Amino acid sequence: MHTDAEATVQGVVDDELATNGPGTIVVFEGAFHGRSGVTSMLSSSPRYRELLATWGLEVVRLPSPDSQRCPHAVAGAGCGPGCREAVTRWGSELRGIGGRDFGRKVSAFVFESVQNVGGMVEPDHELLRAAVRHAREQGAVVIADEIFTGMHRVGPRWGFQRSGVTPDIVVTSKGLANGGAALSMVWSREPLGSPERYRPGSHSSTYVGIPSALAVVDTVLDRWERWTTVDKDVLRLEEAMRSRLTEVAALHPDLVRGVDAMGGTARIVLTGPYAGRMRHLFRSGHPDTGVLVATTGMAPDVINVHPPLVIGERELDFFAQVFETALNGIA
Ligand SMILES: Cc1ncc(COP(=O)(O)O)c(C=O)c1O
């Protein structure tokens, strides 16, 4: 039996279900949201989509939010007004098929506040805000994928705080367990996560609620809580990486198009697709040590840098030295 309040919640949930989905999912070009059946379909890379394809899932890709690498961007001024308008056009063509009542529904707009696999792309803030606003107008749920960006990886506790957008659902994982356990978390505003929608047991599976994994998260969260200067420290790391990378990049303007730092991450944008070769040089240029960096098939001109958030000044100096050696190697 429902109380009045519960009946109201149920009504809202029913309305949302009726309005929203299941239906089309909207993402940015360059998106990567994991390798499961549904999430791999959101990836911009066909390599991931082919693995476990969920056929029939309709995905709309908005223009790339990467104002540094996109050919339509206005030099030095981020995404242009044309692209901002383009991200607020979708919807009409979906609803138009077969007339108003036969249109496809738009369930969700899913975004990363910094696209890692897409090449360390921070969406232009105006572009992201416009896309979120439009998603809401279309009745879509706004989902922030904070699996990579959550827990201060890109500065504030949540990456979406950088642009000031407010999601309806947040998914996070990596920084919660710090590699000590396989665990992720979903937060949602009410009534999306209410017991009427997710009845007790509906999230049950063999690998849910493992006491040792929960103990790891408990311990990690305690440490986060004790790190009271984290915002300031990560900003300092951002500045330390930016200044070193800028200095080294200036030695080879023919090879480096730009560098950028976002909290505890940075990217080096090269003038050509030689990031894979550079990655090898980062590891082998200094035979006994080397530096681990990442590159992806989606962005063969970008080197992704994600050091531990507690990296020190001396290690950053060494990093700059290795970067310079790798550039000299390519040159
Ligand atoms: C942005 C993002 N979303 C989701 C995932 C989760 O991927 P998977 O489900 O394959 O572990 C990852 C993992 O790297 C990620 O970086």
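**View 1. Six strands make an open sheet.** In this predicted model, 6 strands form an open sheet in the order β2-β1-β3-β4-β5-β6, and the pairing is mixed. Strands are DSSP runs of E, at least two residues long, and are numbered from the N terminus. Two strands pair if DSSP finds at least two bridges between them. At the edges stand β2 (59–62) and β6 (185–188). Each has a single partner strand, so one side of each is left without a neighbour in the sheet. From one strand to the next, the twist averages 20°. Angles run from 0 to 180 degrees between N-to-C directions, with axes fitted to C-alpha atoms, for helices over the stretch in contact.

**View 2. Strand β1 pairs with β2.** β1 covers residues 24–28. β1 and β2 pair in the parallel sense over 4 bridges. Phenylalanine 28 has leucine 62 in β2 as its bridge partner.

**View 3. Helix α6 packs on the sheet.** Helices are DSSP runs of H or I, at least four residues long. Helix α6 (residues 125–137) touches β1, β2, β3 (106–111) and β4 (141–146). Contact means heavy atoms within 4.5 Å. The direction of α6 makes about 160° with that of β3.

**View 4. The whole chain.** The chain has 11 helices and 10 strands. Of its 331 residues, 47% count as buried, meaning under 20% relative accessible area with a 1.4 Å probe, protein chains only.

**Notes.** Residues are numbered from 1 along each chain as its sequence is written, and side-chain values use heavy atoms, without hydrogens and water. Local features need pLDDT of at least 70, side-chain atom pairs count only at pLDDT 80 or more, and totals for chains, interfaces and linings use all residues.

How values were computed: Buried means under 20% relative accessible area, exposed over 50%, partly exposed in between (1.4 Å probe, protein chains only).
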